[in-house]
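Take a look at the protein below. Then read on, and keep turning back to the picture as you go.

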Amino acid sequence: MWNIIGHEWAVDYLRQSIATGRDAHAYLISGPAAVGKALLALRLAQTLNCERGGDAPCLECRACKRIERGNHPDVRIAGMASQGAGLKAEEAARQKELKIGTVREWQRDISLKPYEGRRRVFILHDAERLNEESSNAMLKTLEEPPPYATLVLVANSADLLPTIVSRCQLIRLRPLPRRHVAEALQTRFGMEEADADLLAAWSGGRIGWALRMVETPDELQTQQEKLAGLLALHGQPGPSGFRWAEERAKEYRNGEQETVFGWLELWQSWWRDVLLTAANCPQSITHVDRRDELTQAARRYPVAEVFAFVRRIGDTNRQLRENVNPQLALENLLLHMPGG
Ligand SMILES: [Zn+2]
């Protein structure tokens with residue numbers, strides 16, 4: 001059993017192509033972060049090597065279990081995480097691209113026949129970070145993959161070299177409908193309806209994110225506290241705002257970039273909700289537990305200012321990725337808060 005929440009069409013498609021022996025030699029699984037790409041890639045690897053055969057993994061045999069734990073000799077996984085392994089956190093965080101060395105290492109491995117499984121499966125995460133040189137190296141393998149190998153590129157966008165995309169079977173995962181996430185949280189985890197609705201709304205349909213929150217309830221609490229901290233900045237930037245920017249900049253430099261992007265995403269989701277409230281689209285809002293505050297904010301701030309700020313948060317996100325000084329970028333953002 002694939003045991004995947006949602007993405008039924010993708011699972012059906014893979015099952016059918018495996019059952020009819022028409023599975024591709026190369027796949028590109030794309031979609032937003034935490035939408036379920038890594039799990040789909042893992043299940044594909046398990047199906048191709050499950051000791052019981054068939055078009056679904058049993059999840060119980062030795063092969064399935066070893067793949068799940070990441071120690072099957074015929075399933076290799078690489079990406080920014082493996083490239084950064086062994087480096088100090090700050091050094092790993094400074095790496096922006098998948099280097100040719102990482103791809104080459106992968107390719108050396110591809111030339112080996114399966115040790116004990118039926119197929120050698122290579123999963124490359126973060127494929128959107130292949131630079132030109134490593135993309136070209138990758139192309140060689142995609143053009144002539146060994147007959148016993150399946151390559152799975154996993155990427156946050158399908159915005160890769162067209163020559164790479166055209167040689168892969170593209171599987172584009174989208175966020176799940178909010179109510180599917182809420183239902184899964186209730187039926188599988190026994191969550192109360194109100195909590196499930198809130199978490200589903202916050203997840204934006206990214207099931208992996210929602211499940212992480214279920215496993216680490218403290219995280220959800222932390223999210224709520226972060227949001228409260230951000231809301232406290234509204235209307236009184238001053239010293240507390242600059243302290244906030246300083247703390248985030250420090251996180252950023254210490255290799256916790258994703259945490260900082262998480263802050264920006266959270267803040268943007270709040271102001272987007274203010275816009276949706278002003279536009280009278282309450283069914284689409286994320287922060288369903290804070291409707292009163294949203295209504296107040298929608299009355300208080302001019303829509304044009306809110307809209308400009310939502311865009312500015314996106315710009316700041318981009319600037320950070322382009323290596324602008326984080327403290328300056330965040331301070332500049334604060335100066336443009338609505339009502340400021
Ligand atoms: Zn199995």
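This is a predicted model: local features need pLDDT of at least 70, side-chain atom pairs count only at pLDDT 80 or more; totals for chains, interfaces and linings use all residues.

The protein chain holds 17 helices and five strands. Along its principal axes, the C-alpha trace spans about 65 × 45 × 35 Å. How does the radius of gyration fit a compact globule? For 340 residues, such a globule would have a radius of gyration near 20 Å. The protein chain has 22 Å, which agrees.

Now find the sheet. The five strands form an open sheet in the order β2-β3-β4-β1-β5, and the pairing is parallel. Which strands stand at the edges? They are β2 (75-78) and β5 (169-172). Each has a single partner strand, so one side of each is left without a neighbour in the sheet. On average, neighbouring strands are turned by 15° against each other, with direction ignored. Look at one pair in detail. Strand β1 (residues 26-30) pairs with β5 in the parallel sense, over four bridges. Leu-28 stands opposite Leu-170 in β5.

Next come the helices. Two packed helices are described by the angle between their axes and the distance between the axes. Keep both in mind for each pair.

Start with helix α2 (residues 37-49) and helix α3 (residues 62-69). They pack at an angle of about 155°, and their axes are 9 Å apart. Angles over 145 degrees count as roughly antiparallel, so α2 is roughly antiparallel to α3. In passing α3, α2 makes a right-handed crossing. Which residues meet here? From α2 come Leu-42, Ala-45, Gln-46 and Asn-49. They meet Ala-63, Cys-64, Ile-67 and Glu-68 in α3. Sorted by class, this contact has five nonpolar, two polar and one charged residues.

Move on to helix α13 (residues 238-253) and helix α17 (residues 326-334). Their axes come within 8 Å and cross at roughly 150°. The crossing of α13 and α17 is right-handed. On the α13 side, the contact is made by Gly-241, Phe-242, Ala-245, Glu-246, Arg-248, Ala-249, Tyr-252 and Arg-253. On the α17 side, Pro-326, Gln-327, Leu-330, Glu-331 and Leu-334 take part. The contact of α13 with α17 has seven nonpolar, two polar and four charged residues.

Finish with helix α14 (residues 257-278) and helix α16 (residues 303-321). Here the axes come within 9 Å and cross at roughly 160°. Therefore α14 and α16 are roughly antiparallel to each other. Is the crossing of α14 past α16 left-handed or right-handed? It is left-handed. Residues of α14 in the contact include Val-260, Phe-261, Leu-264, Trp-267 and Trp-271. Among those of α16 are Val-303, Val-306, Phe-307, Phe-309 and Ile-313. How do the residues of this contact divide by class? There are 15 nonpolar, four polar and one charged.

Definitions and conventions:
Residues are numbered from 1 along each chain as its sequence is written. Axes are lines fitted to C-alpha atoms, for helices over the stretch in contact, and angles run from 0 to 180 degrees between N-to-C directions. Helices (H or I, at least four residues) and strands (E, at least two) are DSSP runs, numbered from the N terminus. Angles under 35 degrees count as roughly parallel, over 145 as roughly antiparallel, 65 to 115 as roughly perpendicular and the rest as oblique. A crossing is left-handed if the near helix is turned anticlockwise from the far one by less than a right angle, and right-handed if clockwise. Two residues are in contact if their C-beta atoms, placed from the backbone, lie within 7 Å. Ala, Val, Leu, Ile, Met, Phe, Trp, Tyr, Cys and Pro count as nonpolar, Asp, Glu, Lys and Arg as charged, and the others, Gly among them, as polar. Two strands pair if DSSP finds at least two bridges between them. The radius of gyration is taken over C-alpha atoms; the globule rule is 2.2 Å times the number of residues to the power 0.38.
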